[in-house]
Amino acid sequence: MRIDNAYFTRRKFLNSLLGGWLGAVAASFIAPIVKFVWPPYKEPDEVKLVFADFSDMKPGEVKNFAWGVKPGILKRAADGSFIAMVGVCTHLDCNVTWQPEKRQFFCACHDGYYDEEGKNIQGPPPKPLRRLDVAVEGEDLFVRKPGAGAKA
Amino acid sequence: MRTPRILFWLVTVSLLLGPLAAAAQQAGTPPEAKDKAQVEAAAAPAAPAQEAKPSPAPPAAKKPAAKAEVKRTEPIVPAYTGIKEKTAVIVFFVWLWFAIGVLIYFLRQWIKESDRIYWAKYYEPEESPRKDNPMAPTLGD
Amino acid sequence: MKIKIDMKKFAAWFDDRLALTPIFKYMTHKEVPQHEHSFWYYTGSSILLFLAIQIVTGIMLALYYRPTLEGATASIERIMTELPLGWLVRSVHSWGATFMIAFVLVHLLAIWFTKSYRKPREATWMTGMMLLVVSMMFGFTGYLLPWDDLSLAATKVGTNIPAAIPVVGKWVTQFLRGGDDVTGDTLTRFFIFHVCVMPLILFAILAIHVLLVQKEGMSIPLKDELAKKKVPSLPFWPNFVLREVVIWLVLFGVFMTIALAFAPSLGPTADLMAPAPEGVKPEWYFLFLFQTLKIFPANMGPVTGEFVAVIIIVITVVIIFFLPFIDNKPEGKKGKVFQYLGIIGVIYAIVFSIWSLL
């Protein structure tokens, strides 16, 4: 069908078909490249520790464990239960250190302070230290992401 | 001297087939069965190694290696981790050739058109019968 | 508020400062002759296609590869097993090397047999020969990087060859190896050669080569030139470029098919103390040289057989490098001699390569 003086010509239509196809093919090649270059590094869902290493902690004592590649903090509460936190400052990801005399966590990067429960009390950190769930099952101590659900 | 055309094809074909033959030879030979050093069960890479598509049955210890300290003594031969991955590769292969076919179809149309324009001297109105055309187009329109 | 971008003004801004218009104008005027051998014009740009593939996949691999003795083979293992489609990236890079060097050789033979190196294209030929050497060095340095037993053995042999040259050989070997022996230092050194030093050299020589090709124009067959025949031609843009894209697509399809189907495996970790594994051989493009070295006897008079072989090979390479000046009367009898020498050379390379595999 011939349209006189059309703005969108047959030529433009064919060109856009070709361009569209080229775009689709390019996308199908870019996608795997992107996936390769941005691979997901996920934090572990749970970490299994040997309970014996931590069973003799006194109430108020703080020990470290490995949460993936980040430091984890295990603290025995006054009633004997454990709380676990990720020992990474919520400001800009520096590792925090425990100051036992002052019973607080200190982040050296920008002078951030957290109390012994992990709540941010001073300095730039916007949020408390991230909590993790702890469960003692027989000889193992499991630290899990909160709400990640238990193993059955 | 007109070099016989067959020589060109002999050379090109052998240059392109040579590596294929080498690869087929490599894929066909079983990897060296060496004594396995103690391979500690590695936690991480759950996926076993993948296996080459065309080589049927044979060889390949498909084990991933131990971490760090112990040197790996078994070769890693590519293999698919599951039917899903194999299907994905086949689908990609079909899509690849289909896409190439469509693109070449379009490109041939485009080539024919640009050739036609060239031979009709569309862009050089002085040399064409349309030399008195006041609306001569320029390349890039 | 609508912002309108006027492309013409945008282009004019750049043009005022960079003066690129003459380049574009030239590209639209470049013409490609059409004759019975014009199919071979596609070989040059095919090399560029594979070079681009190598650069992209090379960067992707280098993101995860660790060029140390302890980390090398483990990192490649990780690429092949853990990372999404890592095995495919490695396969593409490995096959890309083969295809690129194959096309470099096809390109060289096409230029040889069409005698396109004759005046005024001597410099193009010489830069091309340099590019051939650089490409083979890429292949050689890359082959060591997986640090598995075969590549270690091949590198030990390969870096030992310059030692046969009398005065400077030992220094060359020490430079390549980072010491007297192949160690972790060699691996790191080869990685830097492969990823930093050789690409810079390649781009510099390639720029000169491509510029020379544009400046001299495309060559026409010798007999047409002698007959001063006016060969019909096509514009480079868009006609020839579109045809090139078709060729690239086909080559790419074949290449991806092979890379998907024949993914390379990774041998056992290299052990500096272990004996050489059976079946040690270099990459296919070095096979004929490998076999040539093997056929010379261990001692020939006062010198080693290896020395004689290396000298012969070096002399041959130098002769080929200066070919345009040696074959300066391509239309005469001398020209015919070089045609036959070319055929003999090809047959020798193929026969010796196959022989070394037996």
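What share of the contacts in chain B with a separation of 6 or more comes from residues 24 or more positions apart? It is 59%. Two residues are in contact if their C-beta atoms, placed from the backbone, lie within 7 Å.

**Before you start**

This is a predicted model, where local features need pLDDT of at least 70, side-chain atom pairs count only at pLDDT 80 or more, and totals for chains, interfaces and linings use all residues. Residues are numbered from 1 along each chain as its sequence is written, while chains are lettered from A and ligands numbered from 1 in the order in which they are written.

**Stop 1: chain B**

Select chain B. Color it by secondary structure. Chain B has two helices and zero strands. Helices (H or I, at least four residues) and strands (E, at least two) are DSSP runs, numbered from the N terminus. Of the 141 residues in chain B, 15% are buried. A residue is buried if 20 or more other C-beta atoms lie within 10 Å of its own, exposed if 12 or fewer, and partly exposed in between; these C-beta atoms are placed from the backbone.

Now pick Pro78(B). Look for it in the loop between α1 (5-28) and α2 (83-119) of chain B. Pro78(B) is buried, because 23 other C-beta atoms lie within 10 Å. Pro78(B) and Trp110(B) are 32 residues apart in sequence. In space they are 41 Å apart, C-alpha to C-alpha.

**Stop 2: chain A**

Switch to chain A. It has one helix and ten strands. Trace the chain from the N terminus: the order is α-β-β-β-β-β-β-β-β-β-β. The C-alpha trace of chain A spans about 90 × 40 × 20 Å along its principal axes. Its radius of gyration is 27 Å, whereas a compact globule of 152 residues would have one near 15 Å. That radius is taken over C-alpha atoms, and the globule rule is 2.2 Å times the number of residues to the power 0.38.

Color residues 1-40 and 46-144 separately. These are domain 1 and domain 2 of chain A. The bounds come from an automatic or database domain assignment. The C-alpha centres of the two domains lie 52 Å apart.

How much of chain A is buried? Buried residues make up 15% of its 152 residues. Among contacts in chain A between residues at least 6 apart in sequence, 32% join residues at least 24 apart.

**Stop 3: where chain A meets chain C**

Show chains A and C together. Six residues of chain A are in contact with seven residues of chain C. On the chain A side, five are nonpolar, none is polar and one is charged. Here Ala, Val, Leu, Ile, Met, Phe, Trp, Tyr, Cys and Pro count as nonpolar, Asp, Glu, Lys and Arg as charged, and the others, Gly among them, as polar.

**Stop 4: two helices of chain C**

Select residues 122-144 and 149-160 of chain C. These are helices α6 and α7. They pack at an angle of about 135°, with their axes 8 Å apart. Axes are lines fitted to C-alpha atoms, for helices over the stretch in contact, and angles run from 0 to 180 degrees between N-to-C directions. Angles under 35 degrees count as roughly parallel, over 145 as roughly antiparallel, 65 to 115 as roughly perpendicular and the rest as oblique. So α6(C) and α7(C) are oblique to each other.

Show the residues that meet. From α6(C) come Phe140(C), Tyr143(C) and Leu144(C). Facing them in α7(C) are Ser151(C), Ala154(C), Thr155(C) and Gly158(C). This contact has four nonpolar residues, three polar and no charged.

**Stop 5: Ile76(C)**

Pick Ile76(C) in helix α4 (residues 72-81) of chain C. Ile76(C) counts as buried because it has 22 C-beta neighbours inside 10 Å. Leaving aside neighbours within four places in sequence, Ile76(C) is in contact with Tyr65(C), Arg90(C), Pro146(C) and Leu266(C). Ile76(C) and Pro146(C) are 70 residues apart in sequence but 6.7 Å apart in space, C-alpha to C-alpha.

**Stop 6: backbone details in chain C**

Most residues other than glycine have a negative phi, and most peptide bonds are trans. Go to Lys115(C), in the loop between α5 and α6. Its phi is near 55°, a positive value. In the loop between α5 (86-114) and α6, also find Pro120(C). The peptide bond from Lys119(C) to Pro120(C) is cis, with omega near 0°.

Finish at Lys228(C), whose phi is also near 55°. Is Lys228(C) buried or exposed? It counts as exposed, because it has 6 C-beta neighbours inside 10 Å.
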